[in-house]
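Trainee: I am new to this structure and would be grateful for a close look at a single part of it. Please set that part within the whole.

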Amino acid sequence: MTNSITRRTALAGMAALPFVPALARAKTIGSITRLDPGLDAVIDANAPIEVLGTGYRWTEGPVWVKNGGYLLFSDVPANIAYRWKQGEGITPFLNPSGLVGPIPAGIREAGSNGLGVDAQGRLIIADSGTRAIAALDLATKRRTILADRYEGKRFNSCNDVAFGRDGAIYFTDPPYGLTEGDTSPLKELAFNGVFRLDRDGKVRVIDDTLKRPNGIGLCPKKTTLYVAMSDEARPQILAYPLGADGMPRAAPTVFHDFSEPLARKLPGMPDGLEVDKAGRLFASGPGGIYVLSPEGKALGLIATGKATANCAFGEDGRTLFLTSSDMLARVRLKSSGW
(Lines give C-alpha, C1' and ligand atoms only; values in the text may rest on other atoms or scores of the structure.)
Protein backbone atom coordinates (compact mmCIF):
# COMPACT_ATOMS: atom_id res chain seq x y z
CA MET A 1 0.00 0.00 0.00
CA THR A 2 1.69 3.07 -1.14
CA ASN A 3 1.84 6.52 -2.60
CA SER A 4 3.56 6.10 -5.95
CA ILE A 5 4.95 9.64 -6.04
CA THR A 6 5.56 11.01 -2.55
CA ARG A 7 6.34 7.71 -0.91
CA ARG A 8 8.53 6.34 -3.68
CA THR A 9 10.62 9.48 -3.87
CA ALA A 10 11.11 9.42 -0.12
CA LEU A 11 12.03 5.76 -0.05
CA ALA A 12 14.61 6.18 -2.76
CA GLY A 13 16.44 8.71 -0.64
CA MET A 14 16.01 6.75 2.57
CA ALA A 15 17.20 3.41 1.24
CA ALA A 16 20.85 4.22 1.85
CA LEU A 17 20.31 5.44 5.40
CA PRO A 18 21.03 3.20 8.39
CA PHE A 19 17.90 1.75 9.96
CA VAL A 20 17.77 2.39 13.69
CA PRO A 21 14.27 2.13 15.22
CA ALA A 22 13.85 4.12 18.40
CA LEU A 23 11.18 5.07 20.85
CA ALA A 24 9.54 8.31 19.85
CA ARG A 25 10.48 11.41 21.80
CA ALA A 26 7.21 13.18 21.07
CA LYS A 27 4.32 11.74 23.04
CA THR A 28 1.54 13.05 20.80
CA ILE A 29 1.28 14.28 17.25
CA GLY A 30 -1.20 15.64 14.71
CA SER A 31 -4.85 16.55 15.04
CA ILE A 32 -8.42 15.39 14.39
CA THR A 33 -10.72 17.42 12.16
CA ARG A 34 -14.50 17.14 12.52
CA LEU A 35 -16.07 17.32 9.04
CA ASP A 36 -19.57 16.21 10.00
CA PRO A 37 -21.55 15.85 13.25
CA GLY A 38 -21.60 12.09 12.63
CA LEU A 39 -18.00 12.01 13.86
CA ASP A 40 -19.12 12.74 17.41
CA ALA A 41 -20.32 9.16 17.92
CA VAL A 42 -16.97 7.79 16.74
CA ILE A 43 -14.18 9.86 18.24
CA ASP A 44 -13.57 13.00 20.28
CA ALA A 45 -11.97 15.61 18.05
CA ASN A 46 -9.70 16.52 20.97
CA ALA A 47 -8.45 12.96 21.51
CA PRO A 48 -4.63 12.81 21.53
CA ILE A 49 -2.77 10.82 18.89
CA GLU A 50 -0.06 8.99 20.79
CA VAL A 51 3.21 8.00 19.11
CA LEU A 52 4.28 4.50 20.16
CA GLY A 53 7.45 4.15 18.11
CA THR A 54 9.35 5.79 15.30
CA GLY A 55 12.46 5.39 13.15
CA TYR A 56 11.04 2.87 10.67
CA ARG A 57 11.34 3.09 6.90
CA TRP A 58 7.66 2.61 5.94
CA THR A 59 5.15 1.11 8.36
CA GLU A 60 2.22 -0.90 7.04
CA GLY A 61 -0.34 -3.64 7.54
CA PRO A 62 -1.22 -3.46 11.26
CA VAL A 63 -3.32 -6.25 12.76
CA TRP A 64 -4.41 -6.93 16.34
CA VAL A 65 -3.88 -10.49 17.57
CA LYS A 66 -6.67 -11.05 20.09
CA ASN A 67 -5.23 -14.36 21.29
CA GLY A 68 -2.20 -12.77 22.92
CA GLY A 69 -3.26 -9.14 23.11
CA TYR A 70 -0.64 -7.61 20.83
CA LEU A 71 -0.30 -5.73 17.57
CA LEU A 72 1.77 -6.79 14.57
CA PHE A 73 2.83 -4.40 11.82
CA SER A 74 5.18 -4.42 8.84
CA ASP A 75 8.17 -2.30 7.91
CA VAL A 76 8.00 -3.28 4.25
CA PRO A 77 11.34 -2.07 2.82
CA ALA A 78 13.23 -3.18 5.96
CA ASN A 79 11.79 -6.72 5.58
CA ILE A 80 10.85 -6.87 9.28
CA ALA A 81 7.50 -7.33 11.05
CA TYR A 82 7.26 -5.90 14.56
CA ARG A 83 5.22 -6.71 17.64
CA TRP A 84 3.81 -4.11 20.04
CA LYS A 85 2.31 -4.94 23.41
CA GLN A 86 1.30 -2.66 26.23
CA GLY A 87 4.05 -2.57 28.84
CA GLU A 88 6.55 -4.28 26.55
CA GLY A 89 6.91 -1.82 23.70
CA ILE A 90 7.99 -2.74 20.18
CA THR A 91 10.20 -5.72 19.37
CA PRO A 92 11.03 -7.56 16.12
CA PHE A 93 8.64 -10.44 15.44
CA LEU A 94 9.67 -11.71 11.98
CA ASN A 95 13.04 -11.01 10.40
CA PRO A 96 12.84 -11.47 7.49
CA SER A 97 9.10 -10.90 7.29
CA GLY A 98 8.99 -11.60 3.55
CA LEU A 99 11.64 -12.68 1.08
CA VAL A 100 14.30 -14.93 2.59
CA GLY A 101 17.89 -14.74 1.40
CA PRO A 102 19.70 -12.20 -0.80
CA ILE A 103 17.39 -9.52 -2.18
CA PRO A 104 17.52 -9.32 -6.00
CA ALA A 105 18.08 -5.91 -7.56
CA GLY A 106 14.61 -6.01 -9.09
CA ILE A 107 12.84 -6.21 -5.71
CA ARG A 108 12.23 -2.83 -4.06
CA GLU A 109 10.12 -3.94 -1.08
CA ALA A 110 11.15 -7.37 0.17
CA GLY A 111 9.06 -7.55 3.34
CA SER A 112 5.54 -8.35 4.42
CA ASN A 113 2.89 -5.74 3.70
CA GLY A 114 -0.75 -6.23 4.71
CA LEU A 115 -1.45 -8.63 7.59
CA GLY A 116 -4.59 -10.33 8.85
CA VAL A 117 -5.62 -13.05 11.29
CA ASP A 118 -8.02 -15.60 9.83
CA ALA A 119 -10.70 -17.69 11.54
CA GLN A 120 -8.15 -20.43 12.20
CA GLY A 121 -5.92 -18.01 14.09
CA ARG A 122 -3.23 -17.99 11.40
CA LEU A 123 -1.42 -14.81 10.42
CA ILE A 124 -2.17 -14.24 6.74
CA ILE A 125 0.57 -12.24 5.04
CA ALA A 126 0.50 -10.26 1.83
CA ASP A 127 4.16 -11.00 1.15
CA SER A 128 5.46 -8.29 -1.16
CA GLY A 129 8.97 -9.71 -1.53
CA THR A 130 8.04 -13.36 -2.04
CA ARG A 131 5.14 -12.18 -4.24
CA ALA A 132 2.70 -14.49 -2.51
CA ILE A 133 -0.10 -14.91 0.00
CA ALA A 134 1.30 -16.83 2.95
CA ALA A 135 -0.02 -18.27 6.22
CA LEU A 136 2.05 -18.20 9.41
CA ASP A 137 1.46 -20.33 12.51
CA LEU A 138 1.81 -17.72 15.26
CA ALA A 139 3.04 -20.28 17.78
CA THR A 140 5.74 -21.94 15.68
CA LYS A 141 6.26 -19.23 13.03
CA ARG A 142 6.09 -21.92 10.39
CA ARG A 143 5.16 -20.35 7.07
CA THR A 144 3.09 -21.88 4.27
CA ILE A 145 2.63 -20.37 0.81
CA LEU A 146 -1.08 -20.40 -0.03
CA ALA A 147 -0.81 -18.89 -3.51
CA ASP A 148 1.93 -17.25 -5.57
CA ARG A 149 0.59 -17.49 -9.12
CA TYR A 150 -2.41 -16.89 -11.31
CA GLU A 151 -2.67 -19.13 -14.37
CA GLY A 152 0.98 -20.04 -13.96
CA LYS A 153 2.26 -16.45 -13.77
CA ARG A 154 3.74 -14.99 -10.60
CA PHE A 155 1.96 -12.24 -8.75
CA ASN A 156 3.49 -8.75 -8.80
CA SER A 157 3.85 -7.86 -5.10
CA CYS A 158 0.89 -8.86 -2.95
CA ASN A 159 -0.26 -5.89 -0.92
CA ASP A 160 -3.31 -6.28 1.35
CA VAL A 161 -5.77 -8.95 2.48
CA ALA A 162 -9.37 -9.27 3.68
CA PHE A 163 -11.48 -12.29 4.60
CA GLY A 164 -14.80 -13.37 3.09
CA ARG A 165 -17.61 -15.00 5.06
CA ASP A 166 -16.63 -18.43 3.72
CA GLY A 167 -12.97 -18.04 4.68
CA ALA A 168 -11.81 -16.94 1.24
CA ILE A 169 -9.00 -14.39 1.08
CA TYR A 170 -9.41 -11.27 -1.04
CA PHE A 171 -6.17 -9.50 -1.93
CA THR A 172 -4.64 -6.80 -4.09
CA ASP A 173 -1.52 -7.12 -6.24
CA PRO A 174 -0.01 -3.82 -7.45
CA PRO A 175 3.60 -3.59 -8.68
CA TYR A 176 4.97 -1.47 -5.82
CA GLY A 177 7.38 -4.13 -4.61
CA LEU A 178 9.15 -4.24 -7.97
CA THR A 179 11.95 -1.72 -8.52
CA GLU A 180 10.75 -0.76 -12.00
CA GLY A 181 7.04 -1.15 -11.34
CA ASP A 182 4.97 -1.94 -14.42
CA THR A 183 8.06 -2.04 -16.63
CA SER A 184 9.95 -4.48 -14.41
CA PRO A 185 11.38 -7.50 -16.24
CA LEU A 186 10.24 -9.53 -13.23
CA LYS A 187 6.58 -8.67 -13.86
CA GLU A 188 4.78 -11.66 -15.34
CA LEU A 189 1.13 -10.61 -15.17
CA ALA A 190 -0.11 -8.08 -17.73
CA PHE A 191 -2.33 -6.40 -15.12
CA ASN A 192 -2.41 -5.29 -11.47
CA GLY A 193 -5.19 -7.35 -10.03
CA VAL A 194 -7.73 -7.74 -7.28
CA PHE A 195 -8.08 -11.45 -6.53
CA ARG A 196 -10.03 -13.95 -4.48
CA LEU A 197 -8.25 -17.02 -3.10
CA ASP A 198 -10.86 -19.70 -2.45
CA ARG A 199 -10.48 -22.17 0.40
CA ASP A 200 -9.69 -24.92 -2.10
CA GLY A 201 -6.70 -22.94 -3.40
CA LYS A 202 -8.31 -21.65 -6.59
CA VAL A 203 -7.42 -18.04 -7.48
CA ARG A 204 -10.08 -15.98 -9.23
CA VAL A 205 -9.88 -12.44 -10.63
CA ILE A 206 -12.19 -9.84 -9.10
CA ASP A 207 -10.90 -6.97 -11.27
CA ASP A 208 -8.03 -6.74 -13.76
CA THR A 209 -8.69 -3.18 -14.94
CA LEU A 210 -7.32 -1.07 -12.09
CA LYS A 211 -4.01 0.77 -12.36
CA ARG A 212 -3.09 0.76 -8.66
CA PRO A 213 -5.33 -1.44 -6.47
CA ASN A 214 -4.24 -1.12 -2.87
CA GLY A 215 -6.18 -1.39 0.41
CA ILE A 216 -9.03 -3.89 0.65
CA GLY A 217 -11.86 -4.65 3.06
CA LEU A 218 -15.41 -5.94 3.37
CA CYS A 219 -18.59 -4.62 4.94
CA PRO A 220 -19.77 -6.32 8.16
CA LYS A 221 -22.11 -8.68 6.28
CA LYS A 222 -19.35 -9.50 3.76
CA THR A 223 -21.64 -8.54 0.88
CA THR A 224 -19.66 -5.50 -0.33
CA LEU A 225 -15.97 -5.47 -1.15
CA TYR A 226 -14.05 -2.19 -0.89
CA VAL A 227 -10.88 -1.52 -2.88
CA ALA A 228 -8.78 1.64 -2.53
CA MET A 229 -6.85 2.91 -5.53
CA SER A 230 -3.53 4.74 -5.10
CA ASP A 231 -3.98 6.23 -8.53
CA GLU A 232 -3.34 9.94 -9.09
CA ALA A 233 -5.93 9.93 -11.88
CA ARG A 234 -8.52 7.98 -9.84
CA PRO A 235 -7.88 8.47 -6.10
CA GLN A 236 -10.99 6.56 -5.10
CA ILE A 237 -12.43 3.73 -3.07
CA LEU A 238 -14.60 1.41 -5.14
CA ALA A 239 -17.46 -0.72 -3.79
CA TYR A 240 -18.17 -4.11 -5.39
CA PRO A 241 -21.52 -5.80 -4.60
CA LEU A 242 -20.84 -9.51 -4.08
CA GLY A 243 -23.06 -12.44 -4.95
CA ALA A 244 -23.54 -15.66 -3.01
CA ASP A 245 -20.41 -17.06 -4.70
CA GLY A 246 -18.28 -14.22 -3.32
CA MET A 247 -17.73 -12.72 -6.76
CA PRO A 248 -18.97 -9.32 -8.04
CA ARG A 249 -22.56 -9.43 -9.24
CA ALA A 250 -22.43 -5.95 -10.78
CA ALA A 251 -19.93 -3.27 -11.77
CA PRO A 252 -18.33 -1.40 -8.88
CA THR A 253 -19.47 2.05 -7.82
CA VAL A 254 -17.38 4.90 -6.44
CA PHE A 255 -17.74 4.80 -2.66
CA HIS A 256 -15.56 7.84 -2.00
CA ASP A 257 -13.42 10.15 -4.13
CA PHE A 258 -10.30 11.82 -2.69
CA SER A 259 -9.62 14.16 -5.63
CA GLU A 260 -10.20 17.32 -3.59
CA PRO A 261 -7.68 16.68 -0.78
CA LEU A 262 -5.24 15.27 -3.34
CA ALA A 263 -5.48 18.53 -5.30
CA ARG A 264 -4.56 20.35 -2.07
CA LYS A 265 -1.40 18.24 -1.99
CA LEU A 266 -2.07 16.74 1.41
CA PRO A 267 0.39 13.93 2.25
CA GLY A 268 -0.47 10.39 1.20
CA MET A 269 -2.86 8.60 -1.14
CA PRO A 270 -5.82 6.21 -0.79
CA ASP A 271 -4.19 3.18 0.80
CA GLY A 272 -5.22 0.78 3.56
CA LEU A 273 -8.66 0.67 5.17
CA GLU A 274 -10.59 -0.89 8.04
CA VAL A 275 -14.36 -1.36 8.36
CA ASP A 276 -16.01 -1.14 11.77
CA LYS A 277 -19.01 -3.15 12.96
CA ALA A 278 -21.36 -0.28 12.04
CA GLY A 279 -20.13 -0.28 8.44
CA ARG A 280 -18.03 2.88 8.71
CA LEU A 281 -14.70 2.92 6.88
CA PHE A 282 -11.48 4.16 8.44
CA ALA A 283 -9.61 4.79 5.22
CA SER A 284 -6.21 6.20 4.38
CA GLY A 285 -6.26 9.13 2.01
CA PRO A 286 -4.49 12.43 1.32
CA GLY A 287 -4.05 13.95 4.78
CA GLY A 288 -4.44 10.88 6.98
CA ILE A 289 -7.16 8.45 8.02
CA TYR A 290 -10.68 9.47 7.00
CA VAL A 291 -13.72 8.29 8.92
CA LEU A 292 -16.37 7.59 6.27
CA SER A 293 -20.03 6.82 6.87
CA PRO A 294 -21.51 3.57 5.47
CA GLU A 295 -22.73 5.74 2.60
CA GLY A 296 -19.26 7.13 1.88
CA LYS A 297 -19.60 10.58 3.47
CA ALA A 298 -16.49 12.01 5.12
CA LEU A 299 -17.15 12.48 8.84
CA GLY A 300 -13.67 13.38 10.00
CA LEU A 301 -9.93 13.21 9.44
CA ILE A 302 -7.32 11.77 11.80
CA ALA A 303 -4.02 13.34 10.76
CA THR A 304 -0.50 12.72 12.03
CA GLY A 305 1.00 15.29 9.68
CA LYS A 306 2.57 12.52 7.60
CA ALA A 307 1.32 10.08 4.99
CA THR A 308 -0.62 7.35 6.79
CA ALA A 309 -0.64 3.97 5.10
CA ASN A 310 -3.06 1.93 7.18
CA CYS A 311 -4.89 1.39 10.46
CA ALA A 312 -6.36 -1.36 12.63
CA PHE A 313 -8.65 -1.69 15.64
CA GLY A 314 -7.10 -3.17 18.73
CA GLU A 315 -6.99 -3.56 22.52
CA ASP A 316 -10.69 -3.48 23.51
CA GLY A 317 -11.76 -2.53 19.97
CA ARG A 318 -11.79 1.15 20.90
CA THR A 319 -8.17 1.86 19.99
CA LEU A 320 -7.22 2.72 16.42
CA PHE A 321 -3.60 1.95 15.61
CA LEU A 322 -2.03 3.97 12.78
CA THR A 323 0.94 3.07 10.62
CA SER A 324 2.09 6.47 9.43
CA SER A 325 5.25 6.83 7.38
CA ASP A 326 8.09 6.13 9.85
CA MET A 327 5.97 5.66 12.95
CA LEU A 328 3.37 3.65 14.83
CA ALA A 329 0.69 5.62 16.66
CA ARG A 330 -2.69 5.10 18.33
CA VAL A 331 -5.80 7.07 19.21
CA ARG A 332 -8.78 6.15 21.39
CA LEU A 333 -12.26 5.92 19.89
CA LYS A 334 -15.71 6.32 21.45
CA SER A 335 -17.11 3.44 19.44
CA SER A 336 -15.75 -0.06 19.08
CA GLY A 337 -14.55 -1.33 15.73
CA TRP A 338 -15.53 -4.92 16.56
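Mentor: The protein exposes about 13,500 Å², of which carbon and sulfur atoms supply 52%; accessible areas come from the Shrake-Rupley method with a 1.4 Å probe, and for residues only the protein chains shown count as cover. This is a predicted model, in which local features need pLDDT of at least 70, side-chain atom pairs count only at pLDDT 80 or more, and totals for chains, interfaces and linings use all residues. Residues are numbered from 1 along each chain as its sequence is written, and side-chain values use heavy atoms, with hydrogens and water left out.

Of the 338 residues in the protein, 59% are buried, a term for under 20% relative accessible area, with exposed over 50% and partly exposed in between (1.4 Å probe, protein chains only). The protein has two helices and 27 strands, which are DSSP runs numbered from the N terminus (helices: H or I, at least four residues; strands: E, at least two).

The part to examine is strand β25, residues 308-314. Strand β25 is mostly covered, as seven of its seven residues are buried. Its partner is strand β26, residues 319-324, and the two pair in the antiparallel sense over six bridges; strands pair if DSSP finds at least two bridges between them. Within this pairing, Thr-308 stands opposite Ser-324 in β26. Four residues lie between the strands of this hairpin, where Glu-315 takes a positive phi near 55°.

Regarding cysteines, the protein has zero disulfides, a disulfide being a pair of cysteine sulfur atoms within 2.5 Å. Cys-219 is in no disulfide, and its nearest cysteine sulfur, that of Cys-311, is 17 Å away.
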